Amino acid sequence: MSAEKDRVAEFTAFRQRMNERILAEDNQVVRRFFALDTQTYKAGALDVKTKEMLGLVASMVLRCDDCISYHIAQCKEVGVTRDEFFEVFSVGLVVGGSIVIPHLRRAVDFLDRLEGGASEQAEGCGEHA
């Protein structure tokens, strides 16, 4: 397995494993939050693609690398193009400021890895949260 696929596969496997572990606990607040997060990204007045791009911008501004990787994978799955990604990245950078630059670097690296043939691994990312 290539380094690109390794990073995507590791991210996906860890996220899935830990989500299952967390949701196995008898805590309704956590379960409800995960459910709310999942419901938020379903199509409504805004389509899923738009919501995922909004999630990516918010994740960049909040500087959450796991969230950024997750939303990049989801955006890729719903058809966001490379040009659209870079417009989303530019919004995140303008809103978040220069402190977002290190996260932008990692975001582009993750996108490059997905586009390098690891996209089938990202499809199993599961629900949000």
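**Entry 1**

I looked up F110 and found it buried, with a relative accessible area of 1%. Buried means under 20% relative accessible area, exposed means over 50%, and partly exposed lies in between (1.4 Å probe, protein chains only). This is a predicted model: local features need pLDDT of at least 70, side-chain atom pairs count only at pLDDT 80 or more, and totals for chains, interfaces and linings use all residues. Residues are numbered from 1 along each chain as its sequence is written, and side-chain values use heavy atoms, with hydrogens and water left out.

I then searched the whole structure for aromatic pairs and got three. Rings of Phe, Tyr and Trp (its six-membered ring) pair if their centres lie within 6.5 Å; planes under 30 degrees apart count as stacked, over 60 as edge-to-face and the rest as tilted. F110 pairs edge-to-face with F11, at 5.7 Å centre to centre and 75 degrees between the planes. F11 sits in helix α1 and F110 in helix α6, so this pair ties together parts that are 99 residues apart in sequence. F11 also counts as buried, at 13% relative accessibility.

**Entry 1: the rings of α5**

I moved on to F86 and F89. They form an edge-to-face pair, 5.2 Å centre to centre with 80 degrees between the planes. Both lie in helix α5, three residues apart, about one turn of the helix. Buried or exposed: which is F89? F89 counts as buried, at 2% relative accessibility. F86 is partly exposed, with a relative accessible area of 38%. Ring pairs join F85, F86 and F89 into a cluster.

I listed the contacts of F89 (heavy atoms within 4.5 Å). Leaving aside neighbours within four places in sequence, F89 touches L56, M60, I72, L104, A107, V108 and L111.

The 15 residues of α3 should span 21 Å, and the end C-alpha atoms are 21 Å apart, which agrees. Its buried residues are K51, E52, M53, G55, L56, V57, S59 and M60. Just after α3, R63 takes a positive phi of about 60 degrees.

I also looked at T12, in helix α1 (residues 3-23). T12 is buried, with a relative accessible area of 5%. A polar atom of its side chain lies 2.9 Å from the backbone oxygen of V8.

**Entry 2: the whole chain**

I counted six helices and zero strands in the protein chain. Helices (H or I, at least four residues) and strands (E, at least two) are DSSP runs, numbered from the N terminus. Buried residues make up 34% of the 129 residues. Of the contacts with a separation of 6 or more, 69% are between residues 24 or more positions apart. The accessible surface is about 7400 Å², of which 57% belongs to carbon and sulfur atoms; the areas come from the Shrake-Rupley method with a 1.4 Å probe, and for residues, only the protein chains shown count as cover.

Conventions:
A polar contact is a pair of N or O atoms within 3.5 Å; within protein, one must be able to donate a hydrogen and the other to accept it, and residues adjacent in sequence count only if both atoms are side-chain atoms. The expected span of a helix is 1.5 Å times one less than its number of residues.
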